[in-house]
Amino acid sequence: HPQAARARAARPPPSRQPPSRIEMQASMVHARTGAVAGVTSTTGETAARRTAPQCARIAGKSKSASSVPGRKLGAHRAAASVSCAARSACAAKSSMRIESFAAGAAFPAAAAKGSLRASRGRRGAVTCKATAAADTGGNPLTAIFAKNPALETVVYFALWYYLNIQFNIINKQIYNYFPFPWFVSAVHLAVGLLIMTFFWTTRLVKYEKPDKEFLKAVTLPAFLHAFGHCLTNVSFATVAVSFTHTVKTLEPVFTSIGSYLLTGTVYAWPVYAALLPIMGGVAIASATELSFTWLGFSTAMASNVAFSARAIFSKKLMAKMSPLNLYNFLTIVSLLFCIPFVFIFEGSTLAAGIAKAVELKGQKEFIFVLLKVGAFYHLYNQVAYQALGKVEPVTHAVGNVGKRIFVIGFTILAFGNKISMQTAIGSGIAVIGAGMYGFLKAKYSDQTKTIAR
């Protein structure tokens, strides 16, 4: 009947009743089963996934049956909930069995995991120690220095002073009975070649292979190094060591002049002002030096010119190689230049001089002393380069002044040289002036200019 149809259409649809206790328990079991299955193993997840579609189909049937009014809806809903609960419980039992199996292997797995973590920790510690050892070159002394930088600086300066003093004393002792400075200079460089070869082969010093351009560029500094070194030894053999070192304080004067002439470098005026006490002190000391000779004075001055030019031309090579390896290659090439000088200046009398020295000291002692003085020469230069790399230029300049004071003082005591008060005052003024030059040069380095020439 039309009115009955309109009444049925106007009737509101039956509202969905809240879930019953069975449905809530089933959903809780299902959720718990899924959680357990999710954290235990993939098999539990598979079981949960197998039951989920079936529960969904049952729930779909229940939803489709929602159009059935009254008791049929409740019956269908109850049946669906019970069936889903039963299947979820089955999945829960399966997951619990899996969980029980996993729990049986939980202790060894945890132990293995803990062992792995501990192993990783130990491996990390070993790796850190290995890295630290690699950074320190595997040398325990280097590791100690890395922890105590101040101790490292003290050791470098102490070695620098000790090796330099020993070199100057032994070197002068040799010249007292074997006055052949050109030959002895070549021996210094030859022993240095043996030492650097040992350092390179044992990898105590990393070898850097030079290219053709470097070998061409190092030729002139090496010649200047060889010439300056030989001239310094001629001065050592001719006059007192203390006087030679006093004259050597004039090297900054020639470096300043050469830097301006060759590269256009201009320093701040306090730097140039510090050169005045150096020149004045050397003049005062030379006026009353008891061992003064023009040969000793002129060769010391000429060595200042050579070493100043070497320093200027070596600056460009610093960017191509480390200072230590640069000095090593300078030594090698310098030796090649020294050998001709030996034959030119001492070739005619060298054999007789060696025979006389062997007769006086003995062959073994004579050879040993030559090797020892060469080792002291090379090692003190290497330590000086190492010290320069560890401290600021100002500290190095002050240390260089201290080295000259120690060398002058110890050589005077070792050989009993008599010096006048005027010579002592002049030497002191020159050494202090050299220290002020190094200090002010570092302090006003930001005011250094280069003029285009």
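Reader: How far does H13 reach from its first C-alpha to its last?

Author: The model is predicted: local features need pLDDT of at least 70, side-chain atom pairs count only at pLDDT 80 or more, and totals for chains, interfaces and linings use all residues. Residues are numbered from 1 along each chain as its sequence is written, and side-chain values use heavy atoms, with hydrogens and water left out. With 13 residues, H13 is expected to span 18 Å at 1.5 Å a residue (1.5 Å times one less than the number of residues), and its reach is close to that, at 19 Å.

Reader: Which residues of H11 are buried?

Author: Helix H11 runs over residues 251–263 and reaches 17 Å, close to the 18 Å expected for its 13 residues. Its buried residues are covered by elements that include strand S1 (265–266), helix H12 (269–273) and helix H19 (421–443). Those buried residues are Glu251, Pro252, Val253, Thr255, Ser256, Gly258 and Ser259.

Reader: Which residue just after H11 takes a positive phi?

Author: The phi in question is about 75°. The residue that takes it, just after H11, is Gly264.

Reader: What is the phi of Arg203?

Author: Most residues other than glycine have a negative phi. Arg203 stands in the loop between helix H8 (181–201) and helix H9 (212–238), and it counts as exposed because its relative accessibility is 73%. Its phi is positive, although the residue is not glycine, and lies near 65°.

Reader: Which side chain does Ser303 join through a polar contact?

Author: Ser303 lies in helix H14 (residues 294–318) and is buried, since its relative accessible area is 0%. Leaving aside neighbours within four places in sequence, its contacts (heavy atoms within 4.5 Å) are with Gly228, Leu231, Thr232 and Lys248. A polar contact is a pair of N or O atoms within 3.5 Å; within protein, one must be able to donate a hydrogen and the other to accept it, and residues adjacent in sequence count only if both atoms are side-chain atoms. At 3.4 Å, such a contact joins the side chain of Ser303 to that of Thr232.

Reader: Is Val305 buried, partly exposed or exposed?

Author: Val305 also lies in helix H14. From Leu250 it is 55 residues away in sequence and 9.3 Å away in space, C-alpha to C-alpha. As its relative accessible area is 43%, Val305 is partly exposed.

Reader: How many disulfides does the count give?

Author: A disulfide is a pair of cysteine sulfur atoms within 2.5 Å. The sulfur of Cys230 has its closest cysteine sulfur, in Cys338, at 3.3 Å, so the two are too far apart for a bond. Cys230 is buried, at 0% relative accessible area, and Cys338 is likewise buried, at 0%. The count of disulfides therefore comes, by the 2.5 Å rule, to zero.

Reader: How far apart are the end C-alpha atoms of residues 325–345?

Author: The unreviewed UniProt entry places the feature "transmembrane region" at stretches including 180–200 and 325–345; UniProt positions follow the numbering used here, feature names are shortened, and annotations may be inferred rather than shown by experiment. Residues 180–200 are 95% helix, with end C-alpha atoms 31 Å apart. Residues 325–345 are 100% helix, and the distance between their end C-alpha atoms is 30 Å.

Technical notes:
Helices (H or I, at least four residues) and strands (E, at least two) are DSSP runs, numbered from the N terminus. Buried means under 20% relative accessible area, exposed over 50%, partly exposed in between (1.4 Å probe, protein chains only).
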